[in-house]
Amino acid sequence: MALRIEKLDKHFANGKHALRDINLHIGDSEMVALIGASGSGKSTLLRMVAGLLEADAAAGSLIEVNGLCVQRDGRIASDVRSIRAQVGFVFQQFNLVDRLPVLVNVLVGRLHDMPWWRGVMGWFSSHERSIALDALERVGILDCHAQRASTLSGGQQQRAAIARTLVQGAKLVLADEPIASLDPESSRKVMEILSTIQREDGRTVVVSLHQVDMAIRYCPRVIALNQGQVVYDGPSAQLTPELLRQLYGMQADEFLSGSELLSTQPEHHPAPTLAWSTSMAQAA
Ligand SMILES: Nc1ncnc2c1ncn2[C@@H]1O[C@H](COP(=O)(O)OP(=O)(O)OP(=O)(O)O)[C@@H](O)[C@H]1O
Ligand SMILES: [Mg+2]
């Protein structure tokens, strides 16, 4: 199993209860969207999976990636660094080193299995460079490899960040609102690339999104958070505007405004049904 989360709660120091009793199982090679209004806990959850943030110290709380413990009972595992090597990140605010060329940014994905001095010196073997160039070709920005990262468009920077997770060999890719700052065309491109690396390589992708129509189009499974709680976990095909309104009330308009959801059919499943199934009713 790619990701297993049990009994996870998170209070911040200011008392904010950001995540409430999260229990999730995500299988190998799934493509899952994490949706929810601003402040619902999406980034907090992804940071905890990445082992960057500790859960509340409560017995039974657990996060495992590929069967390896990231944190348990609110304590991050001592060998978390080696587990992090299997997890790739793509953030809304592109996390590339601006002044370095794209190729070097992508190669940084390999640092975890290089002697430190080679990484620091910026020396990479021709084999490593060819792996990185292949990754850049796959995400469609091979011609940008020598440019400084700061000169790429937002969409190109996100593709470079995805290339880095490929070079890293990440089995689990966490993307936190990777398309929030992008125009519709670049957004589609980035979502298509994430979908391709899931389908073709069998990587697991968990992507947080504001845009519910994107979640439905590209992700067969959707997990919806509301105020730190999972209020829906199921097929995106069943996530209708009616259900979203039941889950989110007035906040649903934040998701649905400008959404093409109402007029287009997703590619990977039949027309959304209007059914309000029992499991969803329970989830809500
Ligand atoms: N370090 C922190 N200290 C205190 N509160 C925090 C901290 N980080 C997040 N929070 C709070 O936890 C809640 C969840 O925040 P989070 O960033 O996970 O939401 P989000 O779903 O990612 O929102 P957005 O869509 O705006 O990115 C918010 O109320 C936020 O203010
Ligand atoms: Mg966030």
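At what angle do helix H5 and helix H6 pack, and how far apart are their axes? This is a predicted model, and in it H5, covering residues 126-138, packs against H6, covering residues 154-168, at an angle of about 135 degrees. Their axes are 9 Å apart. Angles over 145 degrees would count as roughly antiparallel and those from 65 to 115 as roughly perpendicular, so H5 and H6 end up oblique to each other. As for handedness, H5 passes H6 in a right-handed crossing.

Who does the touching here? On the H5 side you'll find Ile-131, Ala-132, Ala-135, Leu-136 and Arg-138, and they meet Ala-163, Leu-166 and Val-167 in H6. Sorted by class, that contact has 7 nonpolar residues, 1 charged residue and no polar ones.

Is Ser-208 buried or exposed? Its relative accessibility is 0%, and buried means under 20%, so Ser-208 counts as buried.

| Ser-208 side chain to | Distance |
|---|---|
| Asp-176 side chain | 2.6 Å |
| Glu-177 backbone nitrogen | 2.9 Å |

The pairing with Asp-176 is a polar contact between side chains, while with Glu-177 the side chain of Ser-208 reaches a backbone atom, the nitrogen.

Which other residues touch Ser-208, if you skip its neighbours within four places in sequence? Besides Asp-176 and Glu-177, the list holds Ala-175 and Pro-178, along with Leu-34, Lys-42 and Leu-46.

How values were computed
Residues are numbered from 1 along each chain as its sequence is written. Chains are lettered from A and ligands numbered from 1 in the order in which they are written. This is a predicted model: local features need pLDDT of at least 70, side-chain atom pairs count only at pLDDT 80 or more; totals for chains, interfaces and linings use all residues. Side-chain values use heavy atoms; hydrogens and water are left out. Axes are lines fitted to C-alpha atoms, for helices over the stretch in contact, and angles run from 0 to 180 degrees between N-to-C directions. Helices (H or I, at least four residues) and strands (E, at least two) are DSSP runs, numbered from the N terminus. Angles under 35 degrees count as roughly parallel, over 145 as roughly antiparallel, 65 to 115 as roughly perpendicular and the rest as oblique. A crossing is left-handed if the near helix is turned anticlockwise from the far one by less than a right angle, and right-handed if clockwise. Contact means heavy atoms within 4.5 Å. Ala, Val, Leu, Ile, Met, Phe, Trp, Tyr, Cys and Pro count as nonpolar, Asp, Glu, Lys and Arg as charged, and the others, Gly among them, as polar. Buried means under 20% relative accessible area, exposed over 50%, partly exposed in between (1.4 Å probe, protein chains only). A polar contact is a pair of N or O atoms within 3.5 Å; within protein, one must be able to donate a hydrogen and the other to accept it, and residues adjacent in sequence count only if both atoms are side-chain atoms.
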